[in-house]
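Please read the numbered points below alongside the display.

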Amino acid sequence: MIVSTQLEKTESSLGLNYFLVIDAEQAIRFIDGENRRVICNAGNGVVFHCALMPDGKGNFQIFVNQERRSRLGWVLGQLVQVEIEKDQAKYGLPISDELSEVLLQEQEGSTLFERLTPGKQRTLIHWSDNVKNPEIRIRRALVMVRHLMNQRGEVDFKLLNQEMKEENQRNRKL
């Protein structure tokens with residue numbers, strides 16, 4: 001569905017947030033219970049997985065980060081058109097082949113990963129996959145799965161990042 005909307009912003013304790021307002025009547029087509037995940041095609045090759053977030057006034061918002069706004073040349077108040085479709089991905093965003101393979105090979109880690117909340121799963125997928133180098137994606141996936149097993153299914157992001165730094169240092173010595 002193509003939606004015409006305006007780029008707006010609000011300030012919160014987390015800083016400035018830029019977003020697109022999606023009318024409730026349009027948004028309801030994509031909401032399935034608690035699942036509000038969609039794919040937003042903003043044009044110019046900018047396609048991203050996101051959630052329709054309630055705005056507290058009966059409508060919904062799609063947040064648009066600085067990188068996407070810059071790439072699209074969008075400015076505050078600009079009227080834009082985006083195409084929205086229901087996100088059918090299992091985790092609400094794509095998962096790399098590297099992470100998929102590690103989860104296939106590490107059954108205990110995979111079981112612990114599946115028990116996490118969808119939001120934590122997406123955060124870990126993004127953390128693991130948000131690099132271009134496939135070797136680093138494999139390393140991150142392995143560190144993440146080991147972390148889950150060592151922490152009995154809990155995620156300590158500060159510790160996870162420290163474990164990744166240590167793994168990177170070990171790798172540099174090789």
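**Notes on the predicted model**

1. Phenylalanine 63 is partly exposed, its relative accessible area being 34%. On this scale, buried means under 20% relative accessible area, exposed means over 50%, and partly exposed lies in between (1.4 Å probe, protein chains only). The model is predicted, so local features need pLDDT of at least 70 and side-chain atom pairs count only at pLDDT 80 or more, while totals for chains, interfaces and linings use all residues. Residues are numbered from 1 along each chain as its sequence is written, and side-chain values use heavy atoms, with hydrogens and water left out.

2. The overall layout may be set out before the details. The protein has seven helices and seven strands (helices, H or I, at least four residues, and strands, E, at least two, are DSSP runs numbered from the N terminus). Along the sequence they follow the pattern β-β-α-β-β-β-β-α-β-α-α-α-α-α. Along the principal axes, the C-alpha atoms fill a box of roughly 50 × 35 × 30 Å. Of the 174 residues, 39% are buried. Among contacts (heavy atoms within 4.5 Å) between residues at least 6 apart in sequence, 60% join residues at least 24 apart.

3. How many aromatic pairs does a search of the whole structure find? The search finds two. In one of them, the ring centres of phenylalanine 19 and phenylalanine 63 are 6.4 Å apart and the planes meet at 70°, so the pair is edge-to-face. This pair links distant parts of the chain, since phenylalanine 19 belongs to strand E2 (residues 15-22) and phenylalanine 63 to strand E6 (residues 60-63), 44 residues apart. Phenylalanine 19 is buried, at 6% relative accessible area. For reference, rings of Phe, Tyr and Trp (its six-membered ring) pair if their centres lie within 6.5 Å; planes under 30 degrees apart count as stacked, over 60 as edge-to-face and the rest as tilted.

4. Tyrosine 91 and phenylalanine 113 also form an edge-to-face pair, at 5.4 Å centre to centre and 70° between the planes. Tyrosine 91 is in the loop between strand E7 (79-86) and helix H3 (97-105), and phenylalanine 113 is in helix H4 (residues 107-115), so the pair ties together parts that are 22 residues apart in sequence. Tyrosine 91 is buried at 9% relative accessibility, and phenylalanine 113 is buried at 0%.

5. The charged end of arginine 68 sits over the ring of phenylalanine 48, 4.0 Å from its centre. Arginine 69 lies over the face of tyrosine 18, at 3.6 Å from the ring centre. The criterion is NZ of Lys or CZ of Arg within 6 Å of the ring centre and within 35 degrees of the ring normal.

6. Glutamine 61, in strand E6, is buried at 11% relative accessibility. Not counting residues up to four places away in sequence, glutamine 61 touches Phe19, Leu20, Ala51, Leu52, Met53 and Asp55.

7. Glutamate 85 has its place in strand E7 and is partly exposed at 42% relative accessibility. With residues up to four places away in sequence left out, glutamate 85 touches Phe30, Val38 and Ile39. The C-alpha atoms of glutamate 85 and arginine 139 are separated by 33 Å, the two residues being 54 apart along the chain.

8. Isoleucine 2 is found in strand E1 (residues 2-12) and is exposed at 57% relative accessibility. Setting aside neighbours within four places in sequence, isoleucine 2 contacts Gln81, Val82 and Glu83. Its C-alpha atom is 12 Å from that of aspartate 23, which lies 21 residues apart along the chain.

9. On helix packing, Arg139, Arg140, Val143, Met144, Arg146 and His147 in H6 meet Leu159, Leu160, Glu163, Met164, Glu167, Asn168 and Asn171 in H7.

10. Two positive backbone angles should be noted. Asparagine 44, a residue other than glycine, has a positive phi near 50°; its place is in the loop between strand E3 (37-43) and strand E4 (46-51), and it is exposed at 62% relative accessibility. Arginine 152 likewise has a positive phi, near 55°; it lies in the loop between H6 and H7 and is exposed, with a relative accessible area of 71%. Most residues other than glycine have a negative phi.
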